[in-house]
Amino acid sequence: MKRILTTAALAAILAASTATAAPLKVGFISTLSGGGAGLGIDARDGFLLALKQAGDAGSEITVITEDDQQKPEIGVQLADKMIQSDKVDILTGIIFSNIALAVVPAAVKQDKFYLSVNAGPSQLAGKGCDPNYFNVAYQNDNQHEAMGEYSNTLGYKNAFILAPNYPAGKDSLNGFKRFYKGELAGENYVKLGQTDFAAEIAQIKASGADSVFFFLPGGMGISFIKQFSNAGTGLPMMGPGFSFDQDVLPAVGDAALGAHNAAQWSPDLDNPANKAFVEAFEAEYKRLPSVYASQGYDTALLILSAQAKADIADHDAYHAALKAADFPTVRGSFRFGNNQHPIQNFYAREVVKRDDGVVTNKIVGTAFEDHVDAYAAECPMK
């Protein structure tokens, strides 16, 4: 019955959008090759699944998909092409914050809406906020803040923390330290894309740490978890949801069991929209969805909800429709704050193995309820 109600609510949104809105063109720029490809592919697949489920309403939205190759200069070139030549109405899809910082400011100045499926750098959440920029995922610090808070519950007193040396990596460790109450055995920034962590693991072993917190996206995290496990440190691992998500877990398997992480979403989150999403994603793609997939899915649903209320040609009306966030989110609780970043719950998760042998996450607690990011007060928007 719950699933039927969810489907009915979504159908009502889609029927309204079919009757109201003009055709829409979306430029989806994401990382679809190289070590970060899994993240972009998951976000893209979640986005396209929502449009496919939307039927006629989804068919009114044309999606132009391009690979930024995890290079800011390529992202800028693609955004310019999409805005000037393809005449897109909305841009989305970027995974990495250094690419978002290169693309978003110029795009919003040209009066294009940018809806982030992932990257949430602090620069765009505070003083650099903009009416044309919405983040449908989180602010970069948030998952790390949640894990910092939950690490206190776990009783860790001397953590070693590790992240890549780029904007999201710096936001990551700042977020963790904002709520973690213990001491630091060490703090290390590594090269983005690094896959050999022998030196860092030796440093961790010699530090006297009682735990390790790391944010290493995509292939970086896979390499680190395997090497850390093989090194036999015996130290518990923790991180943001990305460090132990479905783009990572199939590749590392049992090496991640018992690790704690925090995210605003989990495949076992108990609400009707999420249950329907997980089932549909598994049926469509033959794998469990990740946080990235859930964010892509919600971003498409946000666009569909705006289409139900306004025409993109009426910029102010469309902005109001986006800000309302009137869609059946898989997160269960979601609204935009003054800086147009989510106010939402964050859950503590533990990596487990299901009876069928699939390694995944289960929710073991709530780190934050209705969490507001640390930069919202700096944003001049009301």
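This is a predicted model: local features need pLDDT of at least 70, side-chain atom pairs count only at pLDDT 80 or more; totals for chains, interfaces and linings use all residues.
Two strands are taken to pair if DSSP finds at least two bridges between them, where strands (E, at least two residues) and helices (H or I, at least four residues) are DSSP runs numbered from the N terminus. Residues are numbered from 1 along each chain as its sequence is written, and side-chain values use heavy atoms, with hydrogens and water left out.

By the pairing criterion, strand 1 and strand 3 are joined in the parallel sense over 3 bridges, and F28 has T92, in strand 3, as its bridge partner. These strands belong to an open sheet of 5 strands, ordered 2-1-3-4-5, with parallel pairing. Strand 2 and strand 5 (133-135) stand at the edges with a single partner strand each, so one side of each is left without a neighbour in the sheet. From one strand to the next, the twist averages 20°. Helix 12 packs on the sheet, touching strand 1, strand 2, strand 3 and strand 4 (113-116), and its direction makes about 140° with that of strand 4; axes are lines fitted to C-alpha atoms, for helices over the stretch in contact, and angles run from 0 to 180 degrees between N-to-C directions. Contact here means heavy atoms within 4.5 Å.

Helix 2 (residues 37-53) has 17 residues and spans 24 Å from its first C-alpha to its last, close to the 24 Å expected at 1.5 Å a residue, the expected span being 1.5 Å times one less than the number of residues. Its buried residues (under 20% relative accessible area, with exposed over 50% and partly exposed in between, for a 1.4 Å probe and protein chains only) include D42, D45, F47 and L49. The buried residues of helix 2 pack against strand 1 (24-30), helix 3 (56-59), strand 2 (61-67), strand 3 (90-92), helix 11 and helix 12 (291-307). Just after helix 2, G55 adopts a positive phi of about 65°.

A search of the whole structure finds 21 aromatic pairs, defined by rings of Phe, Tyr and Trp (its six-membered ring) with centres within 6.5 Å, planes under 30 degrees apart counting as stacked, over 60 as edge-to-face and the rest as tilted. The rings of F281 and Y285 have centres 4.7 Å apart and planes at 55°, so this pair is tilted. Both residues lie in helix 11 (residues 272-285), 4 residues apart, about one turn of the helix. F281 is buried at 0% relative accessibility, whereas Y285 is partly exposed at 22%.
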